[in-house]
Amino acid sequence: MALFNPLKLGNITIANRIGMSALTRNRSTDTVPNEVMQKYYVQRAAGGTGLIVTEGTLITRQGTEWPQAPGIWDKAQVAGWKKITDAVHETGGKIYCQLWHLGRVSHPEAPQQIAAGVPVYAPSAIPARGGKFRFLPGRPGYVTPTEIPDPTVIIAQFKQAAINAKAAGFDGVELHGANGYIVAQFLDSTANKRTDKWGGSPENRARFALETLKALVEVWGPNVSMKISPAGGYNDVGMPLQETIETFGYLLREADKLGLSYIALMRYGAALDPEFDGKKRATQHDVVGTFSPYLEKTHIFVNCEVTPVEAEELVSSGTAAGVFFGFPYVTHPDVARRIAAGKPLDNVPNVAHLYGAEGVDPAIGYVDYKEAVY
Ligand code: PHB
């Protein structure tokens, strides 16, 4: 199967074309990666995954919807991740760190945001609709953020996180440019109304993503990647189709010149498309067909509801260099081995344990899913 051919990715080689995409699992000790996370990632490396991408990893202290999301801004976090990357490497796996800043979808009353001592920063003072801060009294939604005075300060935080990721032994970094977080907020004309060089034209809105990628490349060379979701939806982003094409087309044409290891194109998915005022938010279109022509040199990975049969078609036809599976990894540590053996991806996750639960053993619904019998 084409899916099981190795692939050179920057200066590493991955054993096959199957990636595990970032999945928020909320199991850190506060923000420090721990032993149960190590067990989880090692299980997924042992299951034959070509490339693991970590859950979204915070580049700086932020008040997220997931109080146990990990970070990579301090020494304890780097030490925690180092144990995980060492163990993944011993198991034969490769692992990129997904660098994450939430921008306007943090909450000022979340303990981590209070501890950070800075406001919730975003490109413009425009709130996202929605939100689900289940752990705060009254379960508040998103707030009106404070406009970032100088975006280069946040780019420097991304760069420092990339330096930390190197110290933590990762194989590379993935910039989280998807799903309505800070990079997507800069790209999106409904979230970014800046009148300086960081807003307005597609070139200006793409500046934050491109300058951040350049900063990451300074640290990592080719082992930098980016995930994008041009259809929008999640976290209240999305533009009319023509503007989507102009914006993401420009972004990809320029990103293609940076020598990145891959771009992950997230297709439209109904599960990440909320409804506001009776209308779905995303601009549905053929993301892969529309945007792959802009990438001449950079490997494309396709993400979102890919089936094993489709994965083989995408890779064998040359449409994609690889694919990411997300949700199937919750219940199947051995996605790649299952596909190789023709076994189905058929378990249904217990969604109550997706993000863990207060007072419940974090191992439950996390590291207790078994490999198939081979
Ligand atoms: C989620 O946990 O709901 C989540 C987090 C990050 C994403 C998408 C979804 O990029």
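Does arginine 194 count as buried or exposed, and at what relative accessibility? Some notes on that and on the other charged and aromatic contacts follow.

1. Arginine 194 first: this residue counts as buried, at 4% relative accessibility. Keep in mind that we are looking at a predicted model. The salt-bridge partner of arginine 194 is aspartate 196, with 2.8 Å between the closest N and O atoms. Aspartate 196 is partly exposed, its relative accessible area being 30%. That value falls outside the buried class because buried means under 20%.

2. Aspartate 334 is buried, with a relative accessible area of 0%, and arginine 338 is buried at 7%. Elsewhere, salt bridges with shared partners tie Arg129, Asp236, Asp277 and Arg281 into one network.

3. Now the rings. The whole structure holds 18 aromatic pairs. One of these is tryptophan 66 with tyrosine 355, a tilted pair with 5.9 Å centre to centre and 50° between the planes. It is a link between distant parts of the chain, 289 residues apart: tryptophan 66 belongs to the loop between strand S5 (57–58) and H2, while tyrosine 355 is in the segment after helix H11 (335–340).

4. What about the accessibility of those two rings? Tryptophan 66 counts as buried, at 3% relative accessibility. Tyrosine 355, on the other hand, is partly exposed, with a relative accessible area of 26%.

5. Last, two places where a charge meets a ring. Lysine 166 lies over the face of tryptophan 220, 5.0 Å from the ring centre. Arginine 337 has its charged end over the ring of tyrosine 374, at 3.9 Å from the centre.

Terms used: Residues are numbered from 1 along each chain as its sequence is written. This is a predicted model: local features need pLDDT of at least 70, side-chain atom pairs count only at pLDDT 80 or more; totals for chains, interfaces and linings use all residues. Side-chain values use heavy atoms; hydrogens and water are left out. A salt bridge is a side-chain nitrogen of Lys or Arg within 4 Å of a carboxyl oxygen of Asp or Glu. Buried means under 20% relative accessible area, exposed over 50%, partly exposed in between (1.4 Å probe, protein chains only). Rings of Phe, Tyr and Trp (its six-membered ring) pair if their centres lie within 6.5 Å; planes under 30 degrees apart count as stacked, over 60 as edge-to-face and the rest as tilted. Helices (H or I, at least four residues) and strands (E, at least two) are DSSP runs, numbered from the N terminus. A charge sits over a ring if NZ of Lys or CZ of Arg is within 6 Å of the ring centre and within 35 degrees of the ring normal.
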